[in-house]
Amino acid sequence: AILFDYILLLKSSGDLKRAQKVAGELLALCPHDPIYRLVECDLLAGAGDAKNALARYEALVRYELSTKNDMDVLGLVIGKYREYLNNHLPAGEAARRFLEQGWSFGRTQRLRNTLPKTWRVSPSPAGCGAEKKFVICCKS
């Protein structure tokens, strides 16, 4: 836990290169911890390594969907992946990756079966950056 706190400290101070190095050391010790893997994704994204960040986010989502060990962690991972897509890709491509690539290990139907029935995937409401984002939200 000390290494993880140190990574967060480095990240918050803007020392992403060193944070990535320490994250690599932590992941060597705990390679399947989803929170540590998620921080690695965030560090890659923050450092501008879009290709590796996207690949790691998608690998993490696939792993968490396949294990379904902790639905709260799965929700966190999905949320961070969606946030990454919204901030780095055009809306159409983000939605396509989310539904097709992100869930190709489940395709859209499997996604619907995995997510709670009260969730839906849709474009952002007008006035909320609809041209740039898509959302997963609870039906009201």
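This is a predicted model: local features need pLDDT of at least 70, side-chain atom pairs count only at pLDDT 80 or more; totals for chains, interfaces and linings use all residues.

Student: Which residues of helix α1 are buried?

Tutor: In α1, residues 2-12, they are F4, I7 and L10. Looking down the axis of α1, you'd find these buried residues within an arc of 120 degrees, so they line one face of the helix. I2, L9 and S12 are exposed, on the face turned away from that buried side.

Student: What do the buried residues of α1 pack against?

Tutor: Against α2 (16-29) and α3 (34-46).

Student: How many residues of α3 are buried?

Tutor: That would be 11 of the 13, so α3 is largely enclosed by the rest of the structure. Among them are Y36, E40, C41 and D42. Its buried residues pack against α1, α2, α4 (50-67) and α5 (71-88).

Student: And how far does α3 reach, end to end?

Tutor: It spans 18 Å from first C-alpha to last, close to the 18 Å expected at 1.5 Å a residue.

Student: What sits at the two ends of α3?

Tutor: At the start, a side-chain oxygen of D33 comes to within 2.9 Å of the backbone nitrogen of I35. After the helix comes G48, with a positive phi near 85 degrees.

Student: Is R37 buried or exposed?

Tutor: Check the cut-off: buried means under 20% relative accessible area. R37 has 16% relative accessibility, so it counts as buried. Leaving out residues up to four places away in sequence, R37 touches L27, P31, H32, A59, L60 and Y63.

Technical notes
Residues are numbered from 1 along each chain as its sequence is written. Side-chain values use heavy atoms; hydrogens and water are left out. Buried means under 20% relative accessible area, exposed over 50%, partly exposed in between (1.4 Å probe, protein chains only). Helices (H or I, at least four residues) and strands (E, at least two) are DSSP runs, numbered from the N terminus. The arc is that of the directions from the helix axis to the C-beta atoms. Contact means heavy atoms within 4.5 Å. The expected span of a helix is 1.5 Å times one less than its number of residues. A polar contact is a pair of N or O atoms within 3.5 Å; within protein, one must be able to donate a hydrogen and the other to accept it, and residues adjacent in sequence count only if both atoms are side-chain atoms.
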